[in-house]
Amino acid sequence: MIICPDWLVTSAEHAEASVAIRIDNGAVSAIAPASELIATFPGEEVIDASGCAVLPGFVNTHVHLYGTLAHGIVVQTPPIGFESFLDDYWWPQVEDRLDQQMIAAASEWVCAEMLRTGTTTFFDICEAPGALSGVLETEAEQCRRAGLRGIFSFEATERAGAEIAELSLRENIDFIDQHQGDDLISGAMSWHTVFTCSSSFIERAAAEARSRNTWFHAHCNEGTHEGNWAREHLGCDTMAFYRDLGVTSSSFLASQCVQMTSGELDIIANSDTRVSHMPLSNCEVGGGIAPISELLSKGVTVGLGTDGYVNDMFEVMRGAFWLQKARLLDPSSTPAHQVLQMATEGGAQALGLKNLGRLEPDWIADLQIVEIDVPTPIDPSTIADQLVLWRSGHHVRDVMVAGEWRVRNKEVLGIDVERSTARVREEASRLWGR
Ligand SMILES: [Zn+2]
């Protein structure tokens with residue numbers, strides 16, 4: 001098919017007016033003026049996207065699909081810091097109460113939510129000791145129906161005892177093995193943190209992933225707690241501990257990275273460790289503002305994530321855009337095209353995905369059509385600003401994953417959103433104990 005938009009944003013740094021894009025066999029096949037493509041490929045379906053921009057689908061590098069069940073929850077013991085956020089609220093009131101039925105409902109709904117706000121690829125980290133085993137397969141079933149590209153992991157942890165530790169590791173290993181060679185659904189390894197996992201457990205998790213040619217992930221220094229804990233109990237910074245353990249590498253996706261020493265930033269950069277940045281949830285937990293500008297200037301691969309908190313990547317992009325400027329007292333920091341890069345190609349690279357995040361010949365046809373009826377003239381040099389600052393998920397008209405439409409005229413195909421919302425509300429009420 002041939003899609004004819006007003007603007008084609010082929011990458012965060014490049015946009016062209018009045019060109020069309022041809023999709024064939026799940027990939028971009030050609031980019032040229034519409035008349036030329038239509039003449040060369042007569043009889044092909046032509047999609048009118050006038051008034052719209054076509055851009056790469058977003059890559060959400062860190063989501064918790066179950067997280068939506070806690071949106072608006074009445075917190076029983078209001079947290080007084082990051083440690084308390086986990087100990088007094090998140091673990092006892094959310095994670096430890098989850099079962100597979102709740103997670104299935106939330107997964108379906110969030111897949112629809114991500115699709116209709118332009119996300120085509122995501123990395124999920126499930127944290128629910130009570131939902132073991134098989135919960136990743138339950139999540140993946142929902143993803144497959146929605147037609148998204150999903151990478152799934154279970155956050156292995158030793159905090160809930162030896163049996164859960166073993167089952168959680170096994171959950172990842174089995175899922176990775178069962179989805180080798182699957183185009184849309186795959187697995188990766190996750191463990192929680194250095195304060196919930198021993199060095200031998202982390203080493204084992206990393207080795208299991210390496211032997212399966214996949215990567216591994218952990219939450220790192222989401223607030224001041226983990227770094228302080230590491231210095232007190234391990235005698236060094238979190239990243240120095242990971243470096244000495246042989247974990248920091250291009251196979252390591254380090255999420256959060258909020259409270260880092262300058263030495264830790266160097267360890268990340270020197271080891272090609274990849275980073276997932278979640279500006280909004282970092283605010284939620286009182287964690288701080290991650291030094292993303294510094295990481296980017298050191299050449300680190302950074303993607304954006306929602307953390308299951310606010311899942312509209314347009315909102316997350318705005319968070320990344322504004323917070324770095326405010327932190328550094330510098331309006332030139334983290335320009336819009338850099339933010340858009342993190343939301344697309346940077347995210348794909350952070351997840352180890354090739355030929356994804358740009359719209360160029362032979363790249364995967366994951367794209368979104370966004371209404372761009374803004375009240376000011378559009379220029380190739382400012383279209384990233386228009387998209388990052390003045391668009392939102394509400395402006396996403398159509399979404400394609402691997403050449404297949406998954407959203408058409410703002411309707412998610414394959415999921416009855418109204419029914420799904422009712423189902424999540426019921427499961428959330430059950431989780432909340434109402
Ligand atoms: Zn998280």
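Domain bounds, as used here, come from an automatic or database domain assignment. For the protein chain, this assignment gives domain 1 (2-56 + 367-401) and domain 2 (58-350), and the model in which these domains are described is a predicted one.

- The centres of domain 1 and domain 2, taken over C-alpha atoms, are separated by 31 Å, and where the two domains meet, 17 residues of domain 1 are in contact with 21 residues of domain 2.
- On the side of domain 1 that touches domain 2, strand E15 (367-371), helix H15 (383-390) and strand E16 (396-401) each supply at least two residues, and H15 gives the most, with 5 residues.
- Sorted by class, this side of domain 1 is made up of 10 nonpolar, 4 polar and 3 charged residues.

**The largest nonpolar core**

- In soluble globular proteins, nonpolar side chains tend to be buried together.
- The largest nonpolar core of this model has 138 residues, of which Ala53, Val54, Ile103, Ala106, Ala205 and Met317 touch the most other members.
- Helix H3 (residues 100-116) gives the most to this core, with 11 residues, and the core draws at least three residues from each of domain 1 and domain 2.
- Ile103, one of the residues that touch the most other members of the core, is in contact with Leu65, Tyr66, Leu98, Cys126, Ala128, Ala131, Val135, Thr138 and Glu139, when its neighbours within four places in sequence are left aside.

**Helix H9**

- Helix H9 (residues 262-271) has Glu264, Ile267, Ile268 and Ser271 as its buried residues; seen down the helix axis, these fall within an arc of 95°, so they line one face of the helix.
- The face of H9 turned away from that buried side carries the exposed residues Ser262 and Asn270.
- The buried residues of H9 pack against helix H8 (238-245), strand E12 (252-256), strand E13 (274-277) and helix H11 (292-297).
- Just after H9, Asp272 takes a positive phi of about 65°.

- Helix H12 (residues 313-328) has 16 residues, which at 1.5 Å a residue should span 22 Å, and its end C-alpha atoms are 23 Å apart, which agrees.
- The buried residues in H12 include Met313, Phe314, Val316, Met317 and Arg318, together with Gly319, Ala320, Phe321, Leu323 and Gln324.
- Just after H12, Leu329 takes a positive phi of about 55°.
- Thr306 is found in the loop between strand E14 (302-304) and H12, and it counts as buried because it has 29 C-beta neighbours inside 10 Å, where 20 or more are needed.
- Thr306 and Val63 are 243 residues apart in sequence, yet their C-alpha atoms are 5.6 Å apart in space.
- Leaving aside neighbours within four places in sequence, Thr306 is in contact with Asn60, Val63, Met278, Asn311, Met313 and Val316, and among these Met313 and Val316 are buried residues of H12.
- Asp307 is found in the loop between E14 and H12 as well; Asp307 is buried, with 26 other C-beta atoms within 10 Å, and its phi is near 65°, a positive value in a residue other than glycine.

**Leu340 in helix H13**

- Leu340 lies in helix H13 (residues 336-343), and with 28 C-beta neighbours inside 10 Å it counts as buried.
- Leaving aside neighbours within four places in sequence, Leu340 is in contact with Ala12, Met317, Ala384, Leu387 and Val388.
- Leu340 and Phe216 are 124 residues apart in sequence, and from C-alpha to C-alpha they are 25 Å apart in space.

**Backbone points to note**

- Most residues other than glycine have a negative phi, and most peptide bonds are trans.
- The peptide bond from Leu132 to Ser133 is cis, with omega near 0°, and Ser133 is found in the loop between strand E7 (119-126) and helix H4 (135-146).
- Gln256, which lies in strand E12, has a phi near 80°, a positive value in a residue other than glycine, and with 27 C-beta neighbours inside 10 Å Gln256 counts as buried.

Terms used. Residues numbered from 1 in each chain as written. Predicted model: local features only at pLDDT ≥ 70, side-chain atom pairs only at ≥ 80, totals over all residues. Buried ≥ 20, exposed ≤ 12 C-beta atoms within 10 Å, placed from the backbone. Helix = DSSP H or I, 4+ residues; strand = E, 2+ residues; numbered from the N terminus. Arc of directions from axis to C-beta. Contact = placed C-beta atoms within 7 Å. Core = buried A, V, L, I, M, F, W, Y, C linked by C-beta atoms within 7 Å. Nonpolar A, V, L, I, M, F, W, Y, C, P; charged D, E, K, R; others polar. Expected span 1.5 Å × (residues − 1).
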